[in-house]
Amino acid sequence: MPLNVVCILDALELDSSGARKLAFEAIKDACHLVEANFNHLKLHLVNFLADETNELDKLYNADVAIVDLSLVNQQCLLFYLVGVRESLHKRHTIILYNDNNAKVTESLKCLCSSYSFVSYQVADHTGDGASKKVVLVTDSNDRGAADAGVGSQLSLKLQQLLGDAVLYTKAHMKEKFLADLRKAREVYSGADLKAQLTVLRKRLDDPNILSGDVVLAMLSAFRDIEDHDAMVQFVDFLKSQLAAENCTSSLSVLHLFCFALNRRNHGGDRERARSLIKEALDNKFDQQHDIACLYGRMHKDKFVESGHTDQESLNNAIFWYRKGFENHPNEYAGINLATLLVIAGNDFAQSSELQHIVLFLYNQIGKKGSLDKLEDYWDVAIFFEISVLAEDYGKAVQAAEYMFKLKPLNWQLMSTMGNIALIQRTRKPVMQKKMSAVQCRFDFWISFFNASSSTVNDFLGFPVLVMERTWPPDCFAYQPSYISLDLDAREEVLRLQRLNVDNSCEECCEMQDLVAGTSSIKSVGQQKQDARAVLVGVDSDLWLMVMPCEQRSARFCDLLQRLLLTCKQRTECTQDACAN
């Protein structure tokens, strides 16, 4: 997008030296050199008080304003106009002045400290045997230079200033885009966020905004809403643009692109991803640990999709995750390697490699602070997975509640629960007469997290968290519960079964039931602060329940509201029939 430049300079007013006319030509030359849009604003069209005129809009909205203050009778109005520009946070205003008096020029320069001040004079320049007048920049430290005809030309000085404005404008556009993207991700979710990201993506057709960090931010936003097709299309678009070549050359962009190809899984996507990864791994490996882990992830997906029978893919997944972990020990590579080792039959009590990895992971998470202070979902999720690997279900239950409080994205939960499912699949069930309280709570959280990503059409024995007051009175605790919504029932349509999960109980105690009929349910709706939460008014009581995800919450409210409406209509029909 070219720079918009507005010039206010009266070249028609009496000017014996022709300085302003020559300055006007220098301005046009500078704009041409930086490929800026040039607009000449006629001062006589500007009404001092009419702030809505088209001419003023041009001035106030311009990227750069070049204002000549050489005529004393125009200075008051022009100072007012550039002051208004400054109040609108327009950074680039260039003040020109025909320097005929050093003392006056210095005084005016002091008043223009907020702007780029350029004074100029006309001088004779001799070249190729001919003499011509040129406009040169004057300098208070070397005033003789312009008089001698050896100062820098005004057009070159203006070209430099306009070039700086171009760089600033590009940087500002980039910062504005990133700020808008951050705001969209904070304010919107679901379909609304997807619509906002589509609009923001169109702005990146402008090459002035593109940079490596902008591309990464856009890809990360698409990844978080699981729009893998948009990720692939965006990178393919960038690869077709010569101006965007540098924006797609980083390993981080390659990682997200191959991740999207693997997840989208259209015809040829995974083959293309493998080819790109192999090419990257053929280069110096010490820079490629993330790529190696992604290659391991692709083999792991292939193993899972084979129904857990493709041992070659499992061995390849272990090989590449181990490569990534050995080259650059980190939590992501470590937890996946440990999970795959368990799936391959390694026992935690007997495998020194598995023990080493788990100890490393505990230490790395510990360095980030206590569990209740962790703010990154992946840190808490890794603690949760480690605890399951070590069969320490008490710690796993603690981590599960913090995972819930961090409001993870659906794809993040799916990734975590995929690993948990693989671990549980390889372990032999322990026969118990009665389930322990810890195991009962652990099973609840597994059901709760799985429900956020699975397709559920009914609410029979559906896991929810009920918020209950504790001491002090203004505090709440989450009570693991199961809710059933019976659409065919006449009376007890809503049943809430709360687990007795008192830590003092070694065994899982009986469930405590609460029931509600259509006549006692007074209201139902989603909570504004957390769309996962549902408020149900039952007689004089209020049930505050938190669903696994926003979609489940909306679905529950819709079903219950429809049921209440049907019952109300049925009652009205019965009353009308009795009246008749």
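Buried, as used in these legends, means under 20% relative accessible area, and the views below are taken from a predicted model.

View 1. Of the 13 residues in α14, 12 are buried, and the helix is accordingly described as mostly covered. The buried set consists of Glu 331, Ala 333, Gly 334, Ile 335, Asn 336, Leu 337, Ala 338, Thr 339, Leu 340, Leu 341, Val 342 and Ile 343. These buried residues pack against five helices, namely α12 (289-305), α13 (311-327), α15 (352-367), α16 (377-389) and α18 (410-426).

View 2. Beyond the helix comes Gly 345, whose phi is positive, near 110°.

**View 3. Ser 481 in strand β8 (residues 475-485).** Ser 481 has 0% relative accessibility and therefore counts as buried. Its side chain reaches the backbone oxygen of Gln 479, which belongs to a residue of the chain nearby in number, at 3.0 Å.

**View 4. Surroundings of Ser 481.** When residues up to four places away in sequence are not counted, Ser 481 touches Phe 444, Phe 462, Pro 463, Val 464 and Val 466, together with Leu 496, Gln 497, Arg 498 and Leu 499.

Notes
Residues numbered from 1 in each chain as written. Predicted model: local features only at pLDDT ≥ 70, side-chain atom pairs only at ≥ 80, totals over all residues. Heavy atoms only, no water. Helix = DSSP H or I, 4+ residues; strand = E, 2+ residues; numbered from the N terminus. Buried < 20%, exposed > 50% of the residue type's maximum accessible area, 1.4 Å probe, protein only. Polar contact = N/O pair within 3.5 Å; in protein donor to acceptor, adjacent residues only side chain to side chain. Contact = heavy atoms within 4.5 Å.
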